[in-house]
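This report looks at charged side-chain pairs and at backbone angles in the structure shown below. Please keep the sequence at hand while reading.

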Amino acid sequence: MKYSFQPRNVCSVKIDLDINDGVVSNVRFTGGCNGNLKAISKLVDGMTADEIESKLLGNTCGYNSTSCADQLAKAVRAAAEAEQKGKDRESGMNTWDLNASAYGHVSSVQDFKKKPQSRFL
């Protein structure tokens, strides 16, 4: 799946990447420190979103509280979540179904319809 992300508070203005089954490839930055961002793109190629996030999240640049690397970590997390939502839609499951059943509130939409509505007020 192709994914585009608009970073905030950094020199780079766009991050494009591919994600397939949680594995990131073809990371491309628009703007920013060209040589460094090309190197980061090569280093993360083939890594999972979790691996990238664990290495780059929280990285700063100068006095900024973020960096292009930190923004890449945020981009791959957003891409992984979007990819999962797409898979959930394909399987007929939605995020609400997953969250509700995970927390034991309801096990299905049918159970939700059976529950008294006052429980949610």
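## Salt bridges

The count comes to 6 salt bridges, where a salt bridge is a side-chain nitrogen of Lys or Arg within 4 Å of a carboxyl oxygen of Asp or Glu. The model is a predicted one, in which local features need pLDDT of at least 70 and side-chain atom pairs count only at pLDDT 80 or more, whereas totals for chains, interfaces and linings use all residues. Residues are numbered from 1 along each chain as its sequence is written, and side-chain values use heavy atoms, with hydrogens and water left out.

One of the salt bridges joins the side chains of D18 and K2, with an N to O distance of 3.4 Å. Because D18 lies in strand β2 and K2 in strand β1, this pair ties together parts that are 16 residues apart in sequence; strands are DSSP runs of E of at least two residues, helices are runs of H or I of at least four, and both are numbered from the N terminus. D18 is buried, at a relative accessible area of 8%, while K2 is exposed, at 68%; here buried means under 20% relative accessible area, exposed means over 50%, and partly exposed lies in between, for a 1.4 Å probe and protein chains only.

A further salt bridge is formed by D16 and K14, whose closest N and O atoms are 3.7 Å apart. D16 is buried, with a relative accessible area of 14%, and K14 is partly exposed, with a value of 36%.

K87 and D21 form a salt bridge in which the closest N and O atoms are 2.9 Å apart. This pair links distant parts of the chain, since K87 belongs to helix α3 (residues 68–90) and D21 to the loop between β2 and β3, 66 residues apart. K87 is partly exposed, at 33% relative accessibility, and D21 is exposed, with a relative accessible area of 63%.

## Positive phi angles

Where does N9 lie? N9 is placed in the loop between β1 (2–5) and β2 (14–20), and its phi is near 60 degrees, a positive value in a residue other than glycine. N9 is exposed, with a relative accessible area of 63%.

N26, which is not a glycine either, has a positive phi of about 50 degrees, and its place is in strand β3 (residues 23–30). At 41% relative accessibility, N26 counts as partly exposed.
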